[in-house]
Amino acid sequence: MSISRRRPFALIALVWAGCGGEGGEARPPSVDSDLDQLEFAGRFEPGSIIGAPRIVDCTLSEGAATSCVAVTLPANPGTFDMGPWCPTNVADGADRGGIWPEGGQIYDVDGSFIENLSTFYNDPSWQMYDPATGAVNVTDTPEACAAAARPDVDPRYTNFCVQCLAAYIEEGLTNTYFIPIEPVAASRVAPRVGHEGAGIAYSGVRLDAPAPTDDILGAHTLAPFDDCGGHVNPNVGYHIHAVTDCLREGPATNTHAAELGVALDGYPLYAPLNLDGSTPQALDECRGHTTAAEGYHYHLGAAGSNEILGCHLGQTGCVLTDPDASCDANLGSRPGGGPPRRGPPPERPPRGG
Ligand SMILES: [Zn+2]
Ligand SMILES: [Zn+2]
């Protein structure tokens with residue numbers, strides 16, 4: 001596969017080209033890249049990032065020592081009106097619930113959807129509401145959310161609609177994304193996106209790995225996304241599993257899809273469809289392709305796919321809860337390096353920082 005050299009942070013890279021050689025020893029004076037960091041910051045929804053993006057040394061997932069842009073996002077982004085997720089009664093309409101992906105489609109989680117789960121999944125064990133009152137079983141405390149929103153769902157919450165509210169997110173929790181300025185090819189492309197997620201959207205939110213729907217459904221629970229495709233895990237915060245129509249759109253060329261964010265390996269992320277509604281052609285296994293204007297880039301998966309990104313073609317950076325930590329995404333791969341330290345996985349407690 002040939003990959004163009006187009007870089008998502010091309011302006012920054014241009015500044016650097018005059019400052020250092022191939023060895024990566026020479027570092028540009030930070031003042032030189034201020035303008036480019038401003039340009040990068042300007043792609044984000046105003047107020048959606050904390051502080052200014054920084055350029056830092058980093059070690060990528062296969063050990064490449066390079067430079068990353070570090071951007072810190074709040075786990076509780078004020079730029080999204082979160083929810084609703086779970087309807088409270090089977091009489092509720094679609095405006096009282098979120099969405100759920102199944103078989104490539106998105107379904108409204110309204111009262112009828114809850115009422116019909118046993119038919120929908122052809123499994124009589126589904127009974128998520130009180131037949132007498134129509135009240136839906138909904139996790140309604142931080143403790144219930146924590147016990148139900150983990151891969152090994154607490155059996156007490158079988159047949160619950162699981163939602164965690166933004167108020168459950170630890171105050172001040174942030175995630176810092178360390179993204180290579182210039183993508184570095186991975187020698188072994190992992191078959192899927194890791195726990196640290198696909199990347200970030202310019203709306204200031206994490207675009208996550210697939211939701212663990214097998215675990216969720218296996219426990220006879222639902223963990224609906226809101227209409228923006230996101231939900232809350234108290235350890236990670238608000239994160240997106242399905243790209244709907246809520247994300248801030250960057251510039252687009254001609255009819256090509258709009259740029260929505262950047263992947264954790266540094267390649268740009270574009271909308272699922274082109275502006276004229278057509279499907280991008282000749283996508284590889286990661287959902288990427290190369291076009292003249294955009295270079296190599298990914299297209300995000302359709303909302304119902306539960307797969308925002310197929311895989312990362314490049315070595316990935318880090319997601320860390322400590323903004324001042326240094327990024328070594330290869331730490332766990334070296335002898336004596338200890339466990340992988342690649343930041344908080346989406347549905348499990350964070351280890352970052
Ligand atoms: Zn999730
Ligand atoms: Zn494209």
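Two strands are said to pair if DSSP finds at least two bridges between them. Helices (H or I, at least four residues) and strands (E, at least two) are DSSP runs, numbered from the N terminus. The model is a predicted one, in which local features need pLDDT of at least 70 and side-chain atom pairs count only at pLDDT 80 or more, while totals for chains, interfaces and linings use all residues. Residues are numbered from 1 along each chain as its sequence is written, and chains are lettered from A and ligands numbered from 1 in the order in which they are written.

With these terms in place, strand E1 (residues 50-59) runs antiparallel to strand E2 (residues 65-74), and seven bridges join them. Cys-58 has Thr-66 in E2 as its bridge partner. Both strands belong to an open sheet of five strands, ordered E14-E5-E2-E1-E15, with mixed pairing. Strand E14 (318-320) and strand E15 (327-328) each have a single partner strand and stand at the edges, so one side of each has no neighbour in the sheet.

Let me turn to a hairpin. Strand E3 (residues 99-102) pairs with strand E4 (residues 105-108) in the antiparallel sense, over four bridges. Pro-101 is bridged to Ile-106 in E4. Two residues lie between E3 and E4 in this hairpin, and Gly-103 in the turn has a positive phi of about 60°.

For the whole protein, the count is six helices and 15 strands. Of its 353 residues, 48% are buried (20 or more other C-beta atoms within 10 Å of the residue's own; exposed means 12 or fewer, partly exposed in between, with C-beta atoms placed from the backbone).

Which backbone details deserve attention? Most residues other than glycine have a negative phi, and most peptide bonds are trans. The peptide bond from Gly-83 to Pro-84, however, is cis, with omega near -5°; Pro-84 lies in the loop between E2 and E3. His-220, in the loop between helix H6 (213-218) and strand E8 (230-233), has a positive phi near 55°. His-220 counts as buried because 20 other C-beta atoms lie within 10 Å. Arg-287 also has a positive phi, near 80°, and is found in the loop between strand E11 (268-270) and strand E12 (288-291). With 23 other C-beta atoms within 10 Å, Arg-287 is buried.
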